[in-house]
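Keep the picture handy while you read.

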Amino acid sequence: MPQHGDSDSRSAVDILIASDRVPANARPDLLTEDDIWALLEEVKDPEVPAVSVVELGIVRAVHWDGKELSIDVTPTYSGCPATELIEELITEALRAAGFRDPKIKQVLTPAWTTDWITDEGKEKLRAFGIAPPEGSSSKMSLLGEPEVIACPHCGSKDTERVSEFGSTACKALYRCKECLEPFDYFKCI
Amino acid sequence: MTQAEALKEYLLRLADSDMILGQRLCELCGKAPALEEEMALMNVALDLVGQARNWYEYAAELIDDGRDADKLAFRRDAHDYRNLLLTEQPNEDYAVTMGRQFFFDVYHYFTLKSLTESSDERIAGIAAKALKEATYHLRRSSEWVKRLGDGTEESHRRMQEAIDILWRFTGELITPDDTDRVMAEAGIGPDPDQLAKDWRGMVNEVLTQATLTPGAEDAWMYMGGKHGEHTEHLGFILAEMQFLQRAYPDATTW
Ligand SMILES: [Zn+2]
């Protein structure tokens, strides 16, 4: 049964529980913005746990003045169901480091692009069995032929697209005709 | 009509069309003809619902009467819905599902493309994101129209039938009303003439490649969705879509 909760009292409880998670001896005031970026490197994408939210380019900015912390994040796709979860994971990681009330701000502009995935992130995707996005998002053709995608398992370029849409919004489904393995391709957008 | 009124109306149209088509596609969850198709349909639906949410959030801020995005989606009746009639048409066979998608995707693609240059920055931002998704949708639906149209004798016949069934709902996509004109004049919405030209151009190009025949440009068209006058289908969609939120208003935990 759904609960007809009073949203105000609920959020107060949330804050209480959250503040309990903050370690008593944490000294976030000693941390720099670089330290915070390093901390966020540990937050993995829930759908592609091989890469961090920083490597995927989801974290756009860190604002830290020694007292207030706010993080700009951008969703990969408009309807990405992992967006809220990612924001929660980031909040949790920051609280664990001692930040009591980190703010997460969602920014839509400029729109996320696979061009923001770092080279390291792309390598990790490949090692994880996901072909990283090929080329630049601006060169994507509308009605033309699909790009040539190398198999992340054997490196062969003799691959075919099975479906433009894969297991999550950000992936397409491919098959390698050389080693016969199916694989996900991280779509270029 | 003032520009402020037109803007609220226009945002609801964008949101409602995304929402209703997304809901239609979700009906195929667990019933699509192939696993890959199911994933694709649900991905497209997810994109559309996500875009709807972005438009609803902006609309809710401007309407500013205490309703949030969820209330706009789940607590309005059919006559308050502003979606295009095309988006509420039933899935029928796969030719109709993909034909409906194709006609919408062409409209959606050119509309969003124009909105990325909107004088309203919030709209331009939402559109820039949505355009990337809509480009994939259009690529896929146009491929299906070509594959079915230029396929077997049966797939060609059924794809042509789908075009003929759906054609009467396409006029609404490219026929402007006052709201559209006010938006265009303010530099917020697309130029209606350009939109109609772009839509016809791409539809004709793809249908020709698919060996299919478009309907007549002067064919009689069903209109009214943008003003809340819907076909008999919308009420059923809303009854299912809104059931939970109507049965348990303001529930915070499901
Ligand atoms: Zn291979």
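How many disulfides does a search of the whole structure find over all chains? The search finds zero, where a disulfide is a pair of cysteine sulfur atoms within 2.5 Å. In general, a disulfide is a covalent bond between the sulfur atoms of two cysteines.

## Before we start

This is a predicted model, in which local features need pLDDT of at least 70 and side-chain atom pairs count only at pLDDT 80 or more, while totals for chains, interfaces and linings use all residues; side-chain values use heavy atoms, with hydrogens and water left out. Residues are numbered from 1 along each chain as its sequence is written, and chains are lettered from A and ligands numbered from 1 in the order in which they are written.

Let's check how accessible a few residues are. Buried means under 20% relative accessible area, exposed means over 50%, and partly exposed is in between (1.4 Å probe, protein chains only). C154(A) has 39% relative accessibility, so it counts as partly exposed. C179(A), with a relative accessible area of 28%, is partly exposed too.

Over in chain B, L138(B) sits in helix 6 (residues 121–149). Helices (H or I, at least four residues) and strands (E, at least two) are DSSP runs, numbered from the N terminus. L138(B) counts as buried because its relative accessibility is 0%.

## The three-stranded sheet in chain A

Now for some strands. Two of them pair if DSSP finds at least two bridges between them. In chain A, three strands make an open sheet in the order 1-2-3, with mixed pairing. Strand 1 and strand 3 (103–106) stand at the edges with a single partner strand each, so one side of each has no neighbour in the sheet. On average, neighbouring strands here are turned by 20° against each other, direction ignored.

Strand 1 (residues 59–64) and strand 2 (residues 69–73) of chain A pair in the antiparallel sense over five bridges, and V62(A) has I71(A) as its bridge partner. These two strands form a hairpin with four residues between them, and G66(A) in the turn has a positive phi of about 95°. Strand 2 and strand 3 of chain A pair in the parallel sense over four bridges, with V73(A) opposite Q106(A). Helix 2 (residues 33–40) of chain A packs on the sheet and touches strand 1 and strand 2. Helix 3 (residues 83–96) of chain A also packs on the sheet, touching strand 1, strand 2 and strand 3.

## The four-stranded sheet in chain A

Chain A also has an open sheet of four strands in the order 4-7-6-5, with mixed pairing. Strand 4 (130–131) and strand 5 (159–163) are at the edges, each with a single partner strand, so one side of each is left without a neighbour in the sheet. Strand 4 pairs with strand 7 (residues 182–186) of chain A in the parallel sense over two bridges. Here, A131(A) stands opposite Y185(A) in strand 7.

## Crossing helices in chain B

How do helix 1 and helix 11 of chain B pack, and at what angle? Helix 1 (residues 3–26) and helix 11 (residues 233–241) pack at an angle of about 75°, with their axes 11 Å apart. Axes are lines fitted to C-alpha atoms, for helices over the stretch in contact, and angles run from 0 to 180 degrees between N-to-C directions. The two helices are therefore roughly perpendicular to each other, a label for angles of 65 to 115 degrees.

Key: Parallel < 35°, antiparallel > 145°, perpendicular 65-115°, else oblique. Contact = heavy atoms within 4.5 Å.
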